[in-house]
Amino acid sequence: CTFFRTYILSHSLGADQFGLYAIGLTLSSFLLTIGSLGLGTTLMRYVASNQDRPACIRAVVIRNAGIAVLLALTVSVILICAANLIASHVYAKSEAAPILRLFAFAVPLGVILDLVNSINRGIRHVGSAILITNFLQPALGLAAVWIAVTVYSQLVTVVASYIAALALSAVVSILIVNRNLPAGDGTRLKSAGLRPLRDGLVMFVLTLANSTLLSVGGLVLAALRPSPDNGKYLIAYQVAFSCNFIISAVYGLFAPAVASNNSPDRKHELLNLLNFANAITTALVLIPCIAAIYYRDDILSLFGETFHNSESQIAVAAMLVAICLYAIVGSMPLQVLVMCGYERIELVNNIVCLVVAIPLQYALISGFGIVGAGIATAFSLILLAALRVAELRFVLNIPLRIPGALSIFAAAIASTIFMNSCAPYFTGLPGWLRLALGFASLSMTYVAALLILQRHAVIRVTQHICTSILRTNQPVES
(Lines give C-alpha, C1' and ligand atoms only; values in the text may rest on other atoms or scores of the structure.)
Protein backbone atom coordinates (compact mmCIF):
# COMPACT_ATOMS: atom_id res chain seq x y z
CA CYS A 1 0.00 0.00 0.00
CA THR A 2 2.89 2.37 0.75
CA PHE A 3 4.29 1.61 -2.70
CA PHE A 4 0.97 2.36 -4.40
CA ARG A 5 0.50 5.53 -2.34
CA THR A 6 3.89 6.77 -3.52
CA TYR A 7 2.95 5.80 -7.09
CA ILE A 8 -0.31 7.80 -6.93
CA LEU A 9 1.34 10.87 -5.41
CA SER A 10 4.30 10.90 -7.81
CA HIS A 11 1.94 10.87 -10.79
CA SER A 12 -0.55 13.37 -9.38
CA LEU A 13 1.62 16.00 -7.69
CA GLY A 14 4.62 16.41 -9.96
CA ALA A 15 8.28 16.66 -8.97
CA ASP A 16 8.11 19.98 -7.06
CA GLN A 17 5.02 19.20 -4.98
CA PHE A 18 6.12 15.63 -4.35
CA GLY A 19 9.48 16.99 -3.18
CA LEU A 20 7.68 19.10 -0.55
CA TYR A 21 5.73 16.01 0.50
CA ALA A 22 9.03 14.13 0.85
CA ILE A 23 10.47 16.87 3.08
CA GLY A 24 7.46 16.79 5.42
CA LEU A 25 7.38 13.00 5.57
CA THR A 26 11.12 12.73 6.29
CA LEU A 27 11.03 15.33 9.06
CA SER A 28 7.91 13.88 10.75
CA SER A 29 9.42 10.38 10.65
CA PHE A 30 12.54 11.71 12.33
CA LEU A 31 10.57 13.58 15.01
CA LEU A 32 8.45 10.49 15.66
CA THR A 33 11.60 8.88 17.05
CA ILE A 34 11.96 11.69 19.58
CA GLY A 35 8.32 11.44 20.61
CA SER A 36 8.38 7.67 21.15
CA LEU A 37 11.18 7.89 23.76
CA GLY A 38 12.42 4.49 22.61
CA LEU A 39 9.51 2.87 24.44
CA GLY A 40 8.37 0.64 21.57
CA THR A 41 11.09 -2.00 21.90
CA THR A 42 11.38 -1.53 25.68
CA LEU A 43 7.67 -2.12 26.30
CA MET A 44 7.69 -5.16 24.01
CA ARG A 45 10.65 -6.61 25.94
CA TYR A 46 9.08 -5.78 29.32
CA VAL A 47 5.68 -7.25 28.47
CA ALA A 48 7.18 -10.40 26.92
CA SER A 49 9.40 -11.08 29.94
CA ASN A 50 6.65 -10.40 32.54
CA GLN A 51 3.89 -12.70 31.36
CA ASP A 52 3.82 -14.25 34.84
CA ARG A 53 2.63 -10.91 36.30
CA PRO A 54 -0.32 -10.01 34.06
CA ALA A 55 -1.99 -7.65 36.53
CA CYS A 56 0.97 -5.27 36.33
CA ILE A 57 1.20 -5.19 32.56
CA ARG A 58 -1.80 -2.97 31.81
CA ALA A 59 -0.92 -0.39 34.48
CA VAL A 60 2.73 -0.12 33.44
CA VAL A 61 1.85 0.08 29.76
CA ILE A 62 -0.75 2.84 30.27
CA ARG A 63 1.49 5.02 32.41
CA ASN A 64 4.62 4.74 30.27
CA ALA A 65 2.81 5.01 26.94
CA GLY A 66 0.91 8.06 28.24
CA ILE A 67 4.17 9.87 28.96
CA ALA A 68 5.46 9.08 25.46
CA VAL A 69 2.27 10.37 23.81
CA LEU A 70 2.41 13.55 25.91
CA LEU A 71 5.98 14.19 24.75
CA ALA A 72 4.94 13.51 21.14
CA LEU A 73 2.19 16.12 21.44
CA THR A 74 4.76 18.61 22.75
CA VAL A 75 7.04 17.91 19.80
CA SER A 76 4.06 18.36 17.47
CA VAL A 77 3.21 21.77 18.96
CA ILE A 78 6.84 22.90 18.66
CA LEU A 79 6.92 21.89 14.99
CA ILE A 80 3.67 23.77 14.30
CA CYS A 81 5.06 26.93 15.89
CA ALA A 82 8.47 26.66 14.24
CA ALA A 83 7.27 25.58 10.78
CA ASN A 84 7.99 28.95 9.11
CA LEU A 85 11.45 29.14 10.66
CA ILE A 86 12.37 25.57 9.66
CA ALA A 87 11.01 25.93 6.13
CA SER A 88 12.81 29.23 5.49
CA HIS A 89 16.14 28.77 7.26
CA VAL A 90 16.75 25.00 7.24
CA TYR A 91 15.28 23.98 3.89
CA ALA A 92 15.23 27.40 2.19
CA LYS A 93 11.73 26.56 0.94
CA SER A 94 9.15 28.82 2.57
CA GLU A 95 6.33 27.11 0.66
CA ALA A 96 6.95 23.98 2.76
CA ALA A 97 5.66 25.61 5.99
CA PRO A 98 1.95 24.59 5.62
CA ILE A 99 3.00 21.03 4.81
CA LEU A 100 5.25 20.84 7.87
CA ARG A 101 2.38 22.03 10.08
CA LEU A 102 0.13 19.28 8.78
CA PHE A 103 2.80 16.61 9.17
CA ALA A 104 3.26 17.74 12.79
CA PHE A 105 -0.01 15.94 13.59
CA ALA A 106 1.53 12.70 12.27
CA VAL A 107 4.05 12.64 15.14
CA PRO A 108 1.72 11.73 18.07
CA LEU A 109 -0.42 9.52 15.83
CA GLY A 110 2.67 7.64 14.64
CA VAL A 111 3.86 7.22 18.22
CA ILE A 112 0.51 5.68 19.22
CA LEU A 113 0.61 3.25 16.31
CA ASP A 114 4.23 2.29 17.03
CA LEU A 115 3.55 1.66 20.73
CA VAL A 116 0.40 -0.35 20.02
CA ASN A 117 2.31 -2.51 17.54
CA SER A 118 5.05 -3.24 20.08
CA ILE A 119 2.59 -3.96 22.92
CA ASN A 120 0.56 -6.38 20.79
CA ARG A 121 3.72 -8.27 19.84
CA GLY A 122 4.87 -8.33 23.45
CA ILE A 123 1.62 -9.96 24.67
CA ARG A 124 1.86 -12.41 21.75
CA HIS A 125 -1.07 -10.99 19.76
CA VAL A 126 1.02 -11.03 16.60
CA GLY A 127 -2.09 -11.24 14.43
CA SER A 128 -3.39 -7.94 15.82
CA ALA A 129 -0.03 -6.26 15.29
CA ILE A 130 0.13 -7.45 11.68
CA LEU A 131 -3.49 -6.45 11.06
CA ILE A 132 -2.89 -2.87 12.21
CA THR A 133 0.64 -2.26 10.90
CA ASN A 134 0.55 -4.15 7.61
CA PHE A 135 -3.08 -3.91 6.56
CA LEU A 136 -5.27 -1.37 8.35
CA GLN A 137 -2.92 1.63 8.49
CA PRO A 138 -1.50 1.30 4.93
CA ALA A 139 -4.94 0.57 3.43
CA LEU A 140 -6.60 3.57 5.09
CA GLY A 141 -3.69 5.81 4.08
CA LEU A 142 -3.89 4.62 0.49
CA ALA A 143 -7.67 5.10 0.33
CA ALA A 144 -7.48 8.59 1.83
CA VAL A 145 -4.75 9.71 -0.56
CA TRP A 146 -6.53 8.25 -3.59
CA ILE A 147 -9.80 10.00 -2.72
CA ALA A 148 -8.02 13.32 -2.06
CA VAL A 149 -6.06 13.15 -5.31
CA THR A 150 -9.16 12.22 -7.30
CA VAL A 151 -11.35 14.98 -5.85
CA TYR A 152 -8.95 17.89 -5.16
CA SER A 153 -5.42 17.03 -6.38
CA GLN A 154 -3.84 19.60 -4.06
CA LEU A 155 -0.91 18.81 -1.79
CA VAL A 156 -2.41 20.34 1.37
CA THR A 157 -5.64 18.39 0.95
CA VAL A 158 -3.75 15.17 0.23
CA VAL A 159 -1.61 15.48 3.37
CA ALA A 160 -4.66 16.40 5.49
CA SER A 161 -6.47 13.30 4.22
CA TYR A 162 -3.47 11.14 5.04
CA ILE A 163 -3.35 12.56 8.59
CA ALA A 164 -7.08 11.83 9.00
CA ALA A 165 -6.44 8.21 7.96
CA LEU A 166 -3.64 7.98 10.54
CA ALA A 167 -6.01 9.30 13.22
CA LEU A 168 -8.62 6.68 12.36
CA SER A 169 -5.96 3.94 12.43
CA ALA A 170 -4.78 5.15 15.84
CA VAL A 171 -8.30 5.04 17.29
CA VAL A 172 -8.92 1.51 15.99
CA SER A 173 -5.50 0.34 17.25
CA ILE A 174 -6.20 1.69 20.76
CA LEU A 175 -9.51 -0.20 20.87
CA ILE A 176 -7.79 -3.42 19.76
CA VAL A 177 -4.89 -3.23 22.23
CA ASN A 178 -7.29 -2.31 25.05
CA ARG A 179 -9.16 -5.54 24.37
CA ASN A 180 -5.95 -7.59 24.17
CA LEU A 181 -4.26 -6.29 27.32
CA PRO A 182 -4.78 -8.35 30.49
CA ALA A 183 -7.19 -6.88 33.02
CA GLY A 184 -5.88 -4.49 35.68
CA ASP A 185 -7.26 -2.23 38.38
CA GLY A 186 -6.98 1.38 39.44
CA THR A 187 -4.80 0.72 42.48
CA ARG A 188 -2.15 -0.90 40.35
CA LEU A 189 -2.34 2.00 37.91
CA LYS A 190 -1.60 4.49 40.70
CA SER A 191 1.47 2.51 41.78
CA ALA A 192 2.59 1.54 38.28
CA GLY A 193 6.33 1.62 37.84
CA LEU A 194 8.29 3.61 35.30
CA ARG A 195 10.90 0.93 34.72
CA PRO A 196 10.23 0.68 30.96
CA LEU A 197 10.57 4.47 30.72
CA ARG A 198 13.89 4.42 32.60
CA ASP A 199 15.15 1.51 30.51
CA GLY A 200 13.76 3.23 27.45
CA LEU A 201 16.03 6.25 27.79
CA VAL A 202 18.93 4.24 26.40
CA MET A 203 16.61 2.86 23.72
CA PHE A 204 15.45 6.41 23.01
CA VAL A 205 19.00 7.57 22.30
CA LEU A 206 19.62 4.38 20.31
CA THR A 207 16.44 4.76 18.24
CA LEU A 208 17.18 8.44 17.68
CA ALA A 209 20.71 7.62 16.48
CA ASN A 210 19.43 4.84 14.21
CA SER A 211 16.63 7.00 12.80
CA THR A 212 19.10 9.81 12.16
CA LEU A 213 21.45 7.36 10.46
CA LEU A 214 18.70 6.27 8.05
CA SER A 215 17.24 9.77 7.58
CA VAL A 216 20.43 11.80 7.31
CA GLY A 217 20.57 11.30 3.53
CA GLY A 218 17.13 12.80 3.03
CA LEU A 219 17.74 15.58 5.56
CA VAL A 220 21.06 16.67 4.02
CA LEU A 221 19.64 16.34 0.50
CA ALA A 222 16.68 18.57 1.45
CA ALA A 223 19.07 21.24 2.73
CA LEU A 224 21.46 21.15 -0.25
CA ARG A 225 19.38 20.24 -3.31
CA PRO A 226 16.13 21.51 -4.93
CA SER A 227 12.72 19.98 -4.20
CA PRO A 228 12.57 17.62 -7.23
CA ASP A 229 15.72 15.84 -6.03
CA ASN A 230 14.08 15.22 -2.65
CA GLY A 231 11.14 13.54 -4.35
CA LYS A 232 13.43 11.41 -6.54
CA TYR A 233 15.47 10.28 -3.55
CA LEU A 234 12.32 9.46 -1.53
CA ILE A 235 11.12 7.16 -4.30
CA ALA A 236 14.55 5.52 -4.63
CA TYR A 237 14.70 5.10 -0.84
CA GLN A 238 11.20 3.60 -0.60
CA VAL A 239 11.81 1.23 -3.51
CA ALA A 240 15.01 -0.02 -1.88
CA PHE A 241 13.65 -0.21 1.64
CA SER A 242 10.46 -1.94 0.53
CA CYS A 243 12.53 -5.12 0.90
CA ASN A 244 13.31 -4.12 4.47
CA PHE A 245 9.77 -4.96 5.59
CA ILE A 246 10.81 -8.64 5.58
CA ILE A 247 13.55 -7.92 8.13
CA SER A 248 11.09 -5.97 10.27
CA ALA A 249 8.47 -8.73 10.02
CA VAL A 250 10.89 -11.47 11.10
CA TYR A 251 12.23 -9.24 13.88
CA GLY A 252 8.74 -8.58 15.21
CA LEU A 253 7.89 -12.27 14.96
CA PHE A 254 10.90 -13.52 16.92
CA ALA A 255 11.76 -10.60 19.24
CA PRO A 256 9.34 -11.52 22.06
CA ALA A 257 10.58 -15.13 22.00
CA VAL A 258 14.19 -13.91 22.14
CA ALA A 259 13.41 -11.80 25.21
CA SER A 260 11.63 -14.74 26.88
CA ASN A 261 14.64 -17.04 26.33
CA ASN A 262 17.21 -14.54 27.60
CA SER A 263 18.59 -16.47 30.57
CA PRO A 264 21.85 -18.39 31.18
CA ASP A 265 20.10 -21.76 31.46
CA ARG A 266 18.38 -21.28 28.08
CA LYS A 267 21.39 -20.19 26.04
CA HIS A 268 21.19 -23.23 23.75
CA GLU A 269 17.53 -22.54 22.94
CA LEU A 270 18.33 -18.88 22.35
CA LEU A 271 21.13 -19.69 19.90
CA ASN A 272 18.90 -22.11 17.99
CA LEU A 273 16.14 -19.51 17.83
CA LEU A 274 18.48 -16.79 16.58
CA ASN A 275 20.06 -18.99 13.92
CA PHE A 276 16.61 -20.10 12.82
CA ALA A 277 15.50 -16.46 12.52
CA ASN A 278 18.65 -15.61 10.57
CA ALA A 279 18.06 -18.44 8.10
CA ILE A 280 14.44 -17.33 7.53
CA THR A 281 15.48 -13.70 7.01
CA THR A 282 18.18 -14.67 4.53
CA ALA A 283 15.90 -17.01 2.60
CA LEU A 284 13.06 -14.49 2.37
CA VAL A 285 15.01 -11.31 1.62
CA LEU A 286 17.21 -12.59 -1.21
CA ILE A 287 14.52 -12.89 -3.88
CA PRO A 288 12.87 -9.43 -3.50
CA CYS A 289 16.33 -7.80 -3.45
CA ILE A 290 17.52 -9.68 -6.54
CA ALA A 291 14.29 -8.90 -8.42
CA ALA A 292 14.36 -5.22 -7.43
CA ILE A 293 18.01 -4.84 -8.50
CA TYR A 294 17.42 -6.61 -11.82
CA TYR A 295 14.17 -4.75 -12.62
CA ARG A 296 14.98 -1.40 -10.98
CA ASP A 297 14.51 0.36 -14.32
CA ASP A 298 10.97 -1.01 -14.71
CA ILE A 299 10.10 -0.26 -11.07
CA LEU A 300 11.21 3.38 -11.28
CA SER A 301 9.43 3.85 -14.61
CA LEU A 302 6.14 3.14 -12.81
CA PHE A 303 6.47 6.51 -11.05
CA GLY A 304 6.77 8.52 -14.27
CA GLU A 305 9.57 9.87 -16.44
CA THR A 306 10.45 12.58 -13.91
CA PHE A 307 11.62 9.99 -11.39
CA HIS A 308 13.01 7.53 -13.91
CA ASN A 309 16.69 8.34 -14.45
CA SER A 310 20.14 6.79 -14.16
CA GLU A 311 20.88 8.56 -10.86
CA SER A 312 17.87 6.99 -9.15
CA GLN A 313 18.75 3.56 -10.57
CA ILE A 314 22.28 3.70 -9.13
CA ALA A 315 20.97 4.87 -5.74
CA VAL A 316 18.38 2.06 -5.66
CA ALA A 317 20.94 -0.60 -6.62
CA ALA A 318 23.44 0.57 -3.99
CA MET A 319 20.87 0.59 -1.19
CA LEU A 320 19.40 -2.78 -2.22
CA VAL A 321 22.81 -4.46 -2.13
CA ALA A 322 23.39 -2.97 1.33
CA ILE A 323 19.97 -4.13 2.57
CA CYS A 324 20.64 -7.64 1.29
CA LEU A 325 24.00 -7.83 3.10
CA TYR A 326 22.46 -6.21 6.18
CA ALA A 327 19.69 -8.82 6.28
CA ILE A 328 22.11 -11.72 5.93
CA VAL A 329 24.67 -10.70 8.56
CA GLY A 330 23.11 -7.87 10.59
CA SER A 331 19.56 -8.92 11.54
CA MET A 332 20.39 -11.67 14.05
CA PRO A 333 22.95 -9.55 15.97
CA LEU A 334 20.32 -6.80 16.29
CA GLN A 335 17.93 -9.18 18.06
CA VAL A 336 20.64 -10.20 20.55
CA LEU A 337 21.87 -6.68 21.27
CA VAL A 338 18.43 -5.06 21.69
CA MET A 339 16.27 -7.82 23.18
CA CYS A 340 18.90 -9.31 25.52
CA GLY A 341 19.98 -6.12 27.30
CA TYR A 342 23.01 -5.08 25.23
CA GLU A 343 21.43 -1.95 23.80
CA ARG A 344 24.37 0.19 24.97
CA ILE A 345 26.66 -1.72 22.62
CA GLU A 346 24.21 -1.16 19.78
CA LEU A 347 24.06 2.52 20.71
CA VAL A 348 27.84 2.79 20.31
CA ASN A 349 27.52 1.08 16.90
CA ASN A 350 24.97 3.62 15.69
CA ILE A 351 26.92 6.60 17.03
CA VAL A 352 30.08 5.41 15.27
CA CYS A 353 28.17 4.93 12.00
CA LEU A 354 26.48 8.32 12.41
CA VAL A 355 29.81 10.08 12.96
CA VAL A 356 31.02 8.52 9.71
CA ALA A 357 27.74 9.02 7.81
CA ILE A 358 27.13 12.75 8.35
CA PRO A 359 30.35 14.07 6.72
CA LEU A 360 30.16 11.29 4.11
CA GLN A 361 26.58 12.24 3.16
CA TYR A 362 27.48 15.92 2.98
CA ALA A 363 30.53 15.28 0.78
CA LEU A 364 28.86 12.80 -1.59
CA ILE A 365 25.58 14.73 -1.90
CA SER A 366 27.49 17.94 -2.65
CA GLY A 367 29.33 16.19 -5.46
CA PHE A 368 26.92 13.56 -6.77
CA GLY A 369 23.41 14.41 -5.52
CA ILE A 370 21.00 11.46 -5.31
CA VAL A 371 23.71 8.94 -6.22
CA GLY A 372 25.89 10.20 -3.37
CA ALA A 373 23.01 9.93 -0.89
CA GLY A 374 22.29 6.34 -1.94
CA ILE A 375 25.93 5.25 -1.77
CA ALA A 376 26.48 6.89 1.63
CA THR A 377 23.32 5.25 3.04
CA ALA A 378 24.44 1.87 1.69
CA PHE A 379 27.91 2.25 3.23
CA SER A 380 26.38 3.16 6.60
CA LEU A 381 24.19 0.04 6.63
CA ILE A 382 27.09 -2.26 5.73
CA LEU A 383 29.31 -0.67 8.38
CA LEU A 384 26.56 -1.10 11.01
CA ALA A 385 26.12 -4.79 10.12
CA ALA A 386 29.90 -5.38 10.24
CA LEU A 387 30.17 -3.83 13.72
CA ARG A 388 27.32 -5.99 15.02
CA VAL A 389 28.84 -9.19 13.68
CA ALA A 390 32.26 -8.39 15.14
CA GLU A 391 30.80 -7.68 18.60
CA LEU A 392 28.61 -10.75 18.53
CA ARG A 393 31.56 -12.98 17.70
CA PHE A 394 34.43 -11.46 19.65
CA VAL A 395 32.73 -9.66 22.57
CA LEU A 396 29.67 -11.83 23.35
CA ASN A 397 31.15 -15.05 21.91
CA ILE A 398 28.00 -15.89 19.96
CA PRO A 399 28.79 -17.45 16.55
CA LEU A 400 26.88 -16.22 13.51
CA ARG A 401 25.43 -19.12 11.56
CA ILE A 402 22.92 -19.49 8.74
CA PRO A 403 21.49 -23.04 8.73
CA GLY A 404 21.14 -24.29 5.17
CA ALA A 405 23.08 -21.31 3.77
CA LEU A 406 24.55 -23.34 0.91
CA SER A 407 21.11 -24.46 -0.24
CA ILE A 408 19.65 -20.96 0.07
CA PHE A 409 22.38 -19.31 -2.01
CA ALA A 410 22.40 -22.16 -4.56
CA ALA A 411 18.64 -21.78 -5.03
CA ALA A 412 19.01 -17.99 -5.37
CA ILE A 413 21.72 -18.36 -8.04
CA ALA A 414 19.72 -20.96 -9.97
CA SER A 415 16.55 -18.86 -9.91
CA THR A 416 18.47 -15.74 -11.00
CA ILE A 417 19.92 -17.60 -13.98
CA PHE A 418 16.46 -18.84 -14.93
CA MET A 419 14.96 -15.34 -14.63
CA ASN A 420 17.75 -13.92 -16.79
CA SER A 421 17.12 -16.56 -19.45
CA CYS A 422 13.39 -15.72 -19.45
CA ALA A 423 13.93 -11.94 -19.65
CA PRO A 424 14.30 -11.77 -23.49
CA TYR A 425 10.83 -13.27 -23.89
CA PHE A 426 9.33 -10.38 -21.89
CA THR A 427 10.79 -7.67 -24.14
CA GLY A 428 8.17 -5.33 -25.54
CA LEU A 429 5.67 -5.91 -22.76
CA PRO A 430 4.56 -3.05 -20.45
CA GLY A 431 6.94 -2.39 -17.58
CA TRP A 432 4.55 -3.53 -14.83
CA LEU A 433 3.80 -6.80 -16.67
CA ARG A 434 7.49 -7.42 -17.34
CA LEU A 435 8.19 -6.86 -13.64
CA ALA A 436 5.38 -9.19 -12.53
CA LEU A 437 6.43 -12.00 -14.89
CA GLY A 438 10.09 -11.64 -13.95
CA PHE A 439 9.36 -11.76 -10.23
CA ALA A 440 6.99 -14.72 -10.69
CA SER A 441 9.59 -16.72 -12.64
CA LEU A 442 12.26 -15.88 -10.06
CA SER A 443 10.08 -16.79 -7.07
CA MET A 444 8.73 -20.05 -8.46
CA THR A 445 12.19 -21.27 -9.47
CA TYR A 446 13.61 -20.29 -6.10
CA VAL A 447 10.92 -22.15 -4.15
CA ALA A 448 11.25 -25.19 -6.42
CA ALA A 449 15.03 -25.25 -5.97
CA LEU A 450 14.71 -24.93 -2.20
CA LEU A 451 12.17 -27.74 -2.11
CA ILE A 452 14.58 -29.96 -4.01
CA LEU A 453 17.58 -29.07 -1.86
CA GLN A 454 15.91 -28.65 1.57
CA ARG A 455 12.38 -30.03 1.32
CA HIS A 456 11.91 -30.85 5.01
CA ALA A 457 13.42 -27.55 6.17
CA VAL A 458 11.15 -25.51 3.87
CA ILE A 459 8.04 -27.34 5.09
CA ARG A 460 9.08 -26.90 8.74
CA VAL A 461 9.81 -23.17 8.31
CA THR A 462 6.52 -22.58 6.47
CA GLN A 463 4.57 -24.35 9.21
CA HIS A 464 6.35 -22.32 11.89
CA ILE A 465 5.64 -18.97 10.18
CA CYS A 466 1.99 -19.80 9.50
CA THR A 467 1.47 -21.04 13.05
CA SER A 468 3.10 -17.94 14.54
CA ILE A 469 1.02 -15.54 12.43
CA LEU A 470 -2.35 -17.28 12.35
CA ARG A 471 -2.38 -18.72 15.86
CA THR A 472 -4.99 -17.10 18.13
CA ASN A 473 -3.18 -16.56 21.39
CA GLN A 474 -5.23 -16.81 24.55
CA PRO A 475 -5.15 -13.50 26.48
CA VAL A 476 -3.27 -13.61 29.76
CA GLU A 477 -5.64 -13.67 32.70
CA SER A 478 -4.93 -11.66 35.80
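The questions below go from the whole chain to single residues.

User: What kind of model is this, and how are its residues numbered?
Analyst: This is a predicted model, where local features need pLDDT of at least 70, side-chain atom pairs count only at pLDDT 80 or more, and totals for chains, interfaces and linings use all residues. Side-chain values use heavy atoms, with hydrogens and water left out, and residues are numbered from 1 along each chain as its sequence is written.

User: How many helices and strands does the protein chain have?
Analyst: Helices (H or I, at least four residues) and strands (E, at least two) are DSSP runs, numbered from the N terminus. On that basis, the protein chain has 19 helices and 0 strands.

User: What share of the residues is buried?
Analyst: Buried means under 20% relative accessible area, exposed means over 50%, and partly exposed is in between (1.4 Å probe, protein chains only). The protein chain has 478 residues, and the buried share is 54%.

User: What share of the accessible surface belongs to carbon and sulfur atoms?
Analyst: Accessible areas come from the Shrake-Rupley method with a 1.4 Å probe; for residues, only the protein chains shown count as cover. The accessible surface of the protein chain is about 20,200 Å². The carbon and sulfur share is 68%.

User: Which residues have the most contacts inside the largest nonpolar core?
Analyst: A nonpolar core is a set of buried Ala, Val, Leu, Ile, Met, Phe, Trp, Tyr and Cys residues joined through side-chain atoms within 4.5 Å. The largest one has 131 residues. A second, separate core has 15 residues, including A277 and L392. In the largest core, the residues with the most contacts are L9, Y21, F103, V159, M319 and Y446.

User: Leaving aside neighbours within four places in sequence, which residues does L9 contact?
Analyst: Contact means heavy atoms within 4.5 Å. With those sequence neighbours set aside, the partners of L9 are G14, F18, Y21, V145, V149 and V158.

User: Where do the side chains of a salt bridge meet, and which residues are they?
Analyst: A salt bridge is a side-chain nitrogen of Lys or Arg within 4 Å of a carboxyl oxygen of Asp or Glu. The whole structure has 1 salt bridge. Its N to O distance is 2.6 Å, and its side chains belong to R388 and E346.

User: Which helices does that pair link?
Analyst: The two residues are 42 residues apart and sit in distant parts of the chain. R388 counts as buried because its relative accessible area is 1%, and E346 is buried at 1% as well. The helices are α16 (residues 370-394) for R388 and α15 (residues 343-368) for E346.

User: How many disulfides does the structure have?
Analyst: A disulfide is a pair of cysteine sulfur atoms within 2.5 Å. C289 is buried at 1% relative accessibility, and C422 is buried at 14%. A search of the whole structure gives a disulfide count of 0.

User: Which residues of helix α4 are buried?
Analyst: Helix α4 covers residues 97-104 and is mostly covered, with 6 of its 8 residues buried. Those buried residues are A97, I99, L100, L102, F103 and A104.

User: How far apart in space are I163 and L102, C-alpha to C-alpha?
Analyst: I163 belongs to helix α7 (residues 155-180). Its relative accessible area is 9%, so I163 is buried. Among its contacts beyond four places in sequence are L102 and F103. I163 and L102 are 61 residues apart in sequence, yet their C-alpha distance is 7.6 Å.

User: Is T416 buried or partly exposed?
Analyst: T416 lies in helix α17 (residues 405-422). Beyond four places in sequence, T416 contacts I290 and L442. At 24% relative accessibility, T416 is partly exposed.

User: Where does F303 lie?
Analyst: F303 is buried, at 2% relative accessibility. Its contacts beyond four places in sequence include F3, Y7 and I235. F303 lies in the loop between α13 (296-301) and α14 (310-339).

User: Which residues make the nonpolar surface patch of about 470 Å²?
Analyst: Patches are made of residues with over 30% relative accessible area and no salt bridge: like charges are joined within 9 Å, nonpolar side chains (Val, Leu, Ile, Met, Phe, Trp, Tyr) within 5 Å. One member, W146, is in helix α6 (residues 126-151). The patch is made by W146, I147, V151 and Y152.
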